[in-house]
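Q: Hi! Could you walk me through this structure with me?

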Amino acid sequence: MPHIKIELQSKKQIVLFNYLYSLYQHLGWLRASKYKKSEIIIYTTKDLLKENIKILNIISKDICFKISEYSTSQKKIIPD
C-alpha cells in the first residue's frame, strides 16, 4: 500500500498533526509508529499521493516535520 512517513520535530506535536490531518481524513489513514514516537505513517492510495503532499505542505506551515520516506508500491504491508 502506498505510504508517506513523516518525522515530526517534536513528539508533542502528534495531537496537533492528527487534528489538522483529520480535516482531510478522506485522503488516508494515519498510524503512529510503535518504535519511534515522533514518526507518523500515512497509508493512502496511489491516486491520492499528490493530494496528500499538497495537504502536508499546508500543514507544514503550522508544524515542523520532514518527509522521511515516500512509497508508491502496491504491496500489502502490516502496520506496526
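Q: Let's start with Y21: is Y21 buried or exposed?
A: Y21 counts as buried, at 2% relative accessibility. Buried means under 20% relative accessible area, exposed means over 50%, and partly exposed is in between (1.4 Å probe, protein chains only).

Q: Before we go on, what sort of model is this, and what went into the numbers?
A: This is a predicted model: local features need pLDDT of at least 70, side-chain atom pairs count only at pLDDT 80 or more, and totals for chains, interfaces and linings use all residues. Residues are numbered from 1 along each chain as its sequence is written, and side-chain values use heavy atoms, with hydrogens and water left out.

Q: Thanks! How many aromatic pairs does the structure hold?
A: Two. In one of them, the rings of F17 and Y21 have centres 6.3 Å apart and planes at 10 degrees, so the pair is stacked. As for the cut-offs, rings of Phe, Tyr and Trp (its six-membered ring) pair if their centres lie within 6.5 Å; planes under 30 degrees apart count as stacked, over 60 as edge-to-face and the rest as tilted.

Q: Where do F17 and Y21 sit in the helix?
A: They are four residues apart in helix α1 (residues 14-22), so about one helical turn separates them. Helices (H or I, at least four residues) and strands (E, at least two) are DSSP runs, numbered from the N terminus. F17 is buried, with a relative accessible area of 0%.

Q: And how are the rings of F17 and F65 arranged?
A: Edge-to-face, with 5.7 Å centre to centre and 80 degrees between the planes. This pair links distant parts of the chain, as F17 is in helix α1 and F65 is in strand β4 (residues 65-71), 48 residues apart. F65 is buried too, like F17. Ring pairs link F17, Y21 and F65 into a cluster.

Q: What else does F17 contact, beyond its sequence neighbours?
A: Leaving aside neighbours within four places in sequence, F17 is in contact with I6, L8, L30, I40, I42, L56, I59, I63 and F65. Contact means heavy atoms within 4.5 Å.

Q: Which residues of the largest nonpolar core touch the most other members?
A: I6, L8, F17, Y21, I42, I59 and F65, out of 17 residues in that core. β1 (3-8), α1, β3 (39-43) and α2 (49-59) each supply at least two residues of this core. A nonpolar core here is a set of buried Ala, Val, Leu, Ile, Met, Phe, Trp, Tyr and Cys residues joined through side-chain atoms within 4.5 Å.

Q: Switching to α2, which residues are buried there?
A: L49, N52, I55, L56 and I59. They cover an arc of only 120 degrees around the axis, which puts them on the same side of α2; the arc is that of the directions from the helix axis to the C-beta atoms. What covers these buried residues includes β1, α1, β3 and β4. The face turned away from the buried side carries the exposed residues K50 and K54.

Q: What joins the side chains of S38 and E7?
A: A polar contact of 2.8 Å. The term covers a pair of N or O atoms within 3.5 Å; within protein, one must be able to donate a hydrogen and the other to accept it, and residues adjacent in sequence count only if both atoms are side-chain atoms.
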